Amino acid sequence: MKNHSLTDYLRRTRLHPILSLLVLAGALLVGSSAFTAITNADPTSLQVRLFKTELHNGSAWVTVFDNSAGVAVDLVTNPGAAFGTGTIAVGTYNKIRFTLENTLLYSSGVISTCSAATNASFPIDNAAAPTAPVTLTFATASATPPGGTSWYSNGSDANPLLMTGAVQVESGMTTNVNLQLNTQNTLACDSGSNTLTLNSPTMNVASRVVAATAFAGGDYWVTHFNIQRSPLRNPDGTVKKPSTYTETDWATVRGQTGYHLGWGARATFSPPDASGNGTATIVTDMTEHRHRVDQTGGCADCGIIVSSGLLGAVLTYTLSASNELTITVPGGGTARGAFSRDYNTLIAADTDGADAGQDLVMGVKVSTTAPTMSGLYAWNGYSMDLDYITAPTPNPAAASTHVSADLGWINLITGGDGLGYNGYLEVSDPSLTTASGHTATRSEAMATVPAIVPAANGIYTDSTNEGLWLAVSPTAEVAFVASGTNDTDPSRTFTDGAGNTHTRHNLGYTLALKQDPARTYTATDVAGTYILAARWDDVGFGTPGIIGTTPPDGCRTFPDDISGSAACGTGVHPRAGSNYGRFTLSAAGTVTYDITETNDLGVVSSMTGSATFTVRKECIGLSSGVRLALTDVTCSGGRRLDMVVLNDGVKDFVKFLIGDNGDVLTFFDPQSVDPTSPSAGKSRSLGNAVRLK
């Protein structure tokens, strides 16, 4: 595939955003005739002349660029040339209209029996004069009228072509608008008549907000997920080593583990000074959902905590020239992370202080106009279910816990669907020495998905069942989800065979990344240095069991498990922690990494090394309930997601889903969801990475 570009940039100051265009050539496969010999090839030149560009603000067309003489660019020989610039107001634009000269000029070398062509003409509109201006209109699927790809979508105002997403214009940022012409193999030589023709290139429009030149501060929605687990201590006060734990100790560790999900905090970052120092003020307090596994003796801060006590807190931060971020943590300690290059996404992990190794933080910039979420999103999540008997005899200690890491996709279109793979650990009677565990991987299909319509500030909420809070970036490329904004999920309350009523609490945390199915990433697209902030947990069984042989309860057969993936046992020994560090991906397909790991006992260790990586699409899909091969290029019954895959020479040990043009990645442990791996369901990770400037 050859990519040819015609570029016009949308450069915007804080008050006067400036628009330009980026034209790319992608791929169009043209079949051959059954009755004559057709040879296909690429043009050596393709010239386009643009007169005018307009965006629609919902009520009127706004002119961005207007040149009566027109600006001509050759998409092949001069792909980086610019059309020109203009000014436009901050806002969201769901239609774009181009005024072009009716004639495209193309050239080629000798192709089969056809002579070379020099500046041969190709009309956009056969009914118009060769030099006449003609218009092409594109619109999003939610615009009125909507853009489409059916036969009657001809690029007119009444029947616009499809634009994959609205053009988002933000103060202090830069936006690229992409008019994509697919020209590969569009030249056709008919050896029967020795005639050369240019087949109609297909077109599409997409836009993306790219990096600002400097961080100007701003408001951010912030979420966090915290696993509280205090180390056990010896009688003399020293920390007890896990290698010396008895089963009573392990029962205490499991029972005292707490889970905190936080959402809704709004932080205002001041612009940094010359040294990169600034403040972050909490202007909207965070709401939290908190539970401890064993709540015997009471738990005053369990349930939905509507005020975390952070309102008005002023934190200090330091931002490096490459966008690395250090923030003071309330109560002492430090969180380290980074902003993405467009400053729309931030990530961090607590690296020292009381929450070291326990807390993961994510945030997105607050929108000023409602982002549009549509099409395909990849998601990566981590969740905890706690099951308590609430009647007839309430038990403050959880009857079971279920922790899972999930990855998959969701298709946000009318009648859309979704699919996820998860690796999970379920523990029966976790507070007791007789606790038993069950690990496996499952597939979970979503037959239909609801429409997600964020408010002007980028927030979407759903108060039904477990409850959900979503914050999406202004470009709709990145979204964070907190699930479990209600204390309990009434849809999951049930009565067991002994007559006990079970109530469940869910605390879940997810990152979603917009996908472009038409794009194929390469190693060059993701080359650079990234900051990683991640959470992880794993489990070992002191006494392995046999699935289908009970007791213990954890060795029951779970019908939804992928065949062969389940394991069980007693002596359930969990570990957890966080990772922070950096890794560098090269265009040659090598990766180096330097990661600091802090476990839940505060023990710090370092991981450094190198490996190879590939960038590819992998199929996440089902056929009659059976997972499709990751290499399935058709992927009927699923979706192919863009991934960076790290290999240690033996196995794929790390995978990242790709989003935001490679600037934001989300990390998962592929072994956790691999039914053939001994680690299936035994280890979980949720990590996010942003590319540095």
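Predicted model: local features only at pLDDT ≥ 70, side-chain atom pairs only at ≥ 80, totals over all residues.

Student: Then which residues is G540 in contact with, leaving aside its neighbours within four places in sequence?

Tutor: G540 is in contact with G571, V572 and H573. By the cut-off, that says heavy atoms lie within 4.5 Å. G540 itself has its place in strand β39, residues 528-544. There is also a C-alpha separation to look at: G540 and P574 are 34 residues apart along the chain, and their C-alpha atoms are separated by 6.5 Å.

Student: Why is G540 called partly exposed?

Tutor: Buried means under 20% relative accessible area and exposed means over 50%, with partly exposed in between. G540 has 29% relative accessibility, so it counts as partly exposed.

Student: And what makes S383 buried?

Tutor: S383 has a relative accessible area of 15%. The limit is under 20%, so S383 counts as buried. S383 is found in strand β30, and it touches H402, V403, S404, D406, N506, L507 and G508, not counting residues up to four places away in sequence.

Student: How much of the protein is buried?

Tutor: Buried residues make up 54% of the 693 residues. As for the overall make-up, the protein has 2 helices and 47 strands. The protein exposes about 27500 Å², and carbon and sulfur atoms supply 54% of that area.

Student: What share of the contacts join residues at least 24 apart in sequence?

Tutor: Among contacts between residues at least 6 apart in sequence, 66% join residues at least 24 apart.

Student: Which residues have the most contacts inside the largest nonpolar core?

Tutor: Those are F225, Y259, I620, L641 and M643, in a core of 57 residues. The largest share of this core, 6 residues, comes from strand β30, residues 375-391. Apart from it lies another core, of 30 residues, with F65, Y93, L187 and C189 among them.

Student: What does M643 touch, not counting residues up to four places away in sequence?

Tutor: The list for M643 includes L407, I620, F656, L657, I658 and F668.

Student: Which strand do 4 bridges join to β46?

Tutor: That's strand β47, residues 683-691, and β46 and β47 run antiparallel. There, F667 stands opposite G687 in β47.

Student: On to rings! Why is the pair of F98 and F138 called edge-to-face?

Tutor: Ring centres must lie within 6.5 Å, and planes over 60 degrees apart count as edge-to-face. F98 and F138 are 6.1 Å centre to centre with 75 degrees between the planes, so the pair gets that label. F98 lies in strand β10 and F138 in strand β13, so the pair ties together parts that are 40 residues apart in sequence. Both F98 and F138 are buried.

Student: What makes the pair of F215 and Y220 tilted?

Tutor: Planes under 30 degrees apart would be stacked, over 60 edge-to-face, and the rest tilted. F215 and Y220 have 45 degrees between the planes, at 6.4 Å centre to centre, so tilted is the word. F215 is buried at 9% relative accessible area, and Y220 counts as buried at 0%. F215, Y220, F269, Y317, F339 and Y343 form one aromatic cluster.

How values were computed. Residues numbered from 1 in each chain as written. Heavy atoms only, no water. Core = buried A, V, L, I, M, F, W, Y, C linked by side-chain atoms within 4.5 Å. Buried < 20%, exposed > 50% of the residue type's maximum accessible area, 1.4 Å probe, protein only. Pairing = 2+ DSSP bridges. Phe/Tyr/Trp six-rings, centres within 6.5 Å; stacked < 30°, edge-to-face > 60°. Areas by Shrake-Rupley, 256 points an atom, 1.4 Å probe, with all protein chains shown as cover.
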